Amino acid sequence: MATDETTGLTSQRKVEHLDIAASGAIEHTRGAGWDDIWLVHDCLPEVDRDAIDLSVTFLGHRLRAPIVIAGMTGGHPRAFEINRRLAVAAERLGIAMGVGSQRAAVEEPSLLSTYTIARETAPGAFLIANVGASQLITQATRPPYTLEQIRALIQAISADALAIHLNFLQEACQPEGDTRARGAAAAIQRICREVPVPVIAKETGAGMSALAALRLRTLGVRALDVGGLGGSNMAMLEARRAERRGDRLRQRLGETFADWGIPTPVAIIEARTAGLPIIATGGIRSGLDAAKAINLGAALVGIARPVLAQAEISADAVIEWLTGFIEELRVAMFLTGSASLADLRMRPRRISGRTAAWLAPAYPAGP
Ligand SMILES: Cc1cc2nc3c(=O)[nH]c(=O)nc-3n(C[C@H](O)[C@H](O)[C@H](O)COP(=O)(O)O)c2cc1C
């Protein structure tokens with residue numbers, strides 16, 4: 001069991017993450033590279049804008065739009081209201097939602113309500129539980145979670161899926177980070193076999209290669225959240241936390257690795273190799289970015305920091321922002337003559353710049 005000290009630390013970390021994310025200091029400076037992806041305009045679209053179908057089936061569930069509010073928070077009293085507001089929007093708009101790492105609730109059961117509020121508020125939404133891969137193996141200061149604990153986290157929010165987050169970049173830059181990783185693959189394989197919901201492997205900002213995606217598929221995961229470079233930057237998040245504490249080594253590590261990772265558009269193309277449904281998270285900032293991600297092969301897009309910023313204001317602000325986002329996606333579909341997301345996926349594209357350079361060695365004939 002965790003000590004009081006580690007319990008407090010997890011909760012404290014959660015609130016520091018919220019503060020630093022709100023400050024905007026962790027947005028990747030160069031972006032994910034969406035400007036390199038060009039959807040080809042159709043000057044004679046054979047589709048009515050208002051008849052465009054944005055719905056999608058993901059892991060057996062119908063969503064009204066291909067969006068997941070990416071898992072961010074829980075585990076601190078302040079997170080209760082944020083998760084509630086996000087859940088109001090998920091329920092209203094018929095989209096999916098993830099909660100943040102449920103570690104804090106394992107360490108301190110009184111914090112459970114900061115997660116369960118999501119299910120109470122969004123009884124019909126596709127809800128994703130969240131646990132870290134590094135919590136599945138023995139770390140220097142604590143044992144791995146048991147299967148019973150993980151099943152309880154899923155059950156607590158009647159989750160439709162479990163995301164296992166892979167955040168080794170962040171752990172490596174974190175003062176109290178868990179940096180043991182041997183055995184994580186075997187632990188993920190066991191969880192995939194033993195839990196009653198599909199498992200999603202979820203990177204958190206450093207992306208996924210084709211090889212990693214294939215390995216994850218062999219472990220039994222049912223979907224991949226590529227969590228690519230280009231949006232919220234977890235190394236920078238930890239650098240800013242370290243700076244506040246005067247931890248110059250961790251600050252230096254976070255700043256050095258701020259550019260580490262596989263950009264989101266590249267990660268989508270790489271992960272496609274595994275043939276699993278893909279969630280494109282990492283720097284999705286508009287419905288046009290979403291259209292490009294879906295055209296490249298994503299089933300859903302994940303959005304974290306932009307909706308967090310709205311959730312700091314109100315549930316209505318989250319709904320208004322997402323409604324605008326959905327309209328942007330609809331217009332991109334209209335202008336490419338796409339009546340459905342399946343149509344959008346088949347529309348032509350051009351890839352330029354850094355993204356083309358990234359892809360050239362692996363895809364000489366184009367992705
Ligand atoms: C404040 C904050 C907290 C986060 N906490 C988690 C977490 O607990 N579990 C997780 O899987 N991802 C977490 N993430 C990562 C997001 O789910 C997402 O992958 C990342 O922020 C990239 O998306 P964005 O560029 O739209 O922000 C967090 C992100 C932020 C900004």
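I count as a nonpolar core a set of buried Ala, Val, Leu, Ile, Met, Phe, Trp, Tyr and Cys residues joined through side-chain atoms within 4.5 Å. Buried means under 20% relative accessible area, exposed over 50%, partly exposed in between (1.4 Å probe, protein chains only).

The model is predicted, so I noted its limits: local features need pLDDT of at least 70, side-chain atom pairs count only at pLDDT 80 or more, and totals for chains, interfaces and linings use all residues. Residues are numbered from 1 along each chain as its sequence is written, and side-chain values use heavy atoms, without hydrogens and water.

**Core.** I looked up the largest nonpolar core and found 116 residues in it. Phe 58, Leu 162, Leu 224 and Leu 322 have the most contacts inside it. Helix 14 (residues 315-335) gives the largest share of this core, 8 residues. Helices (H or I, at least four residues) and strands (E, at least two) are DSSP runs, numbered from the N terminus. I then listed the contacts (heavy atoms within 4.5 Å) of Leu 224. Leaving aside neighbours within four places in sequence, Leu 224 touches, among others, Ile 200, Met 208, Leu 216, Pro 277 and Ile 279. In soluble globular proteins, nonpolar side chains tend to be buried together.

**Helix 5.** Which residues of helix 5 (residues 147-156) are buried? I found Leu 147, Ile 150, Leu 153 and Ile 154. They sit on the same side of helix 5, because their arc around the axis is only 125°. The arc is that of the directions from the helix axis to the C-beta atoms. Glu 148 and Gln 155, on the other side, are exposed. The buried residues pack against helix 3 (103-107), strand 6 (127-132), strand 7 and helix 7 (184-194). Ser 158 follows helix 5 with a positive phi, near 40°.

**Asn 167.** I found Asn 167 in the loop between strand 7 (161-166) and helix 6 (168-173). Its relative accessible area is 6%, so Asn 167 is buried. Beyond four places in sequence, Asn 167 is in contact with Ser 134 and Thr 204.

**Ligand.** Of the 23 residues around the ligand (a heavy atom within 4 Å), Gly 71, Ser 101, Lys 202, Ser 232 and Arg 285 come nearest. A polar backbone atom of Gly 71 is 2.8 Å from a ligand oxygen. A polar side-chain atom of Lys 202 also lies 2.8 Å from a ligand oxygen. For Arg 285, a side-chain N or O atom is 2.8 Å from a ligand oxygen. The protein covers 97% of the 600 Å² of accessible area that the ligand has on its own, by the Shrake-Rupley method with a 1.4 Å probe.

Note on methods: Polar contact = N/O pair within 3.5 Å; in protein donor to acceptor, adjacent residues only side chain to side chain.
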